[in-house]
Amino acid sequence: MSRPITSTSSNDDEGSSFFEKERDRLTTQIAAAFEDLLSQSNVLNRQLEQVAGVGRDFETVAALWGRFQDLMKEQQAEVDVAATDPHGIPGTGTALAGRASVLGGREGEK
């Protein structure tokens, strides 16, 4: 009914050795997973830096287009103001055409 002491101690040794083996195996798996995670994080970081670099490459182009847009808005504002001017739009000849019609009307009155 009672067990010999030697068999109990050998079972404990086998149990602890199995535990230690399993712990070592799991520790190795966790370490490998962390290394893989670190590697993938580095890849992601490099790709994000490349994306940011591409964005920086287009900053000068974006600034140039922004200045072009501002210039076009200024010119459109000048055209809008000139269109309401009774003398016509400068540089288009409409000022002369308007004067000719006014002069033509006066000559017809005479």
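I started with Glu22, which is partly exposed at 26% relative accessibility. For my notes, buried means under 20% relative accessible area, exposed means over 50%, and partly exposed lies in between (1.4 Å probe, protein chains only). This is a predicted model, where local features need pLDDT of at least 70 and side-chain atom pairs count only at pLDDT 80 or more, while totals for chains, interfaces and linings use all residues. Residues are numbered from 1 along each chain as its sequence is written, and side-chain values use heavy atoms, with hydrogens and water left out.

Which side chain does Glu22 meet in a salt bridge? I found Arg25, at 2.3 Å from N to O. A salt bridge here is a side-chain nitrogen of Lys or Arg within 4 Å of a carboxyl oxygen of Asp or Glu. Side chains of opposite charge can pair when their charged atoms come close. Arg25 and Glu22 sit three residues apart in helix α1 (residues 5-57), so about one helical turn separates them. Arg25 is partly exposed too, at 40% relative accessibility. I looked for others, but the structure holds one salt bridge.

**The whole chain**

Next I stepped back to the fold. The protein chain has three helices and zero strands, running α-α-α from the N terminus on. Helices (H or I, at least four residues) and strands (E, at least two) are DSSP runs, numbered from the N terminus.

How many of the 110 residues count as buried? I noted 3%. The accessible surface comes to about 9800 Å², and 61% of that belongs to carbon and sulfur atoms. These areas come from the Shrake-Rupley method with a 1.4 Å probe; for residues, only the protein chains shown count as cover.

I then checked the rings and got one aromatic pair. Trp65 and Phe68 make this pair edge-to-face, 5.5 Å centre to centre with 90° between the planes. Rings of Phe, Tyr and Trp (its six-membered ring) pair if their centres lie within 6.5 Å; planes under 30 degrees apart are stacked, over 60 edge-to-face, and the rest tilted. Both residues lie in helix α2, three residues apart, about one turn. Trp65 is exposed at 56% relative accessibility, while Phe68 is partly exposed at 43%.

**A nonpolar patch**

Trp65 and Phe68 turned up again in a nonpolar surface patch of about 610 Å², along with Val54, Phe58, Val61 and Met72. Patches take residues with over 30% relative accessible area and no salt bridge, joining like charges within 9 Å and nonpolar side chains (Val, Leu, Ile, Met, Phe, Trp, Tyr) within 5 Å. Helix α2 (residues 59-84) gives the most, with four residues. Met72 has its place in helix α2 and is partly exposed at 39%.
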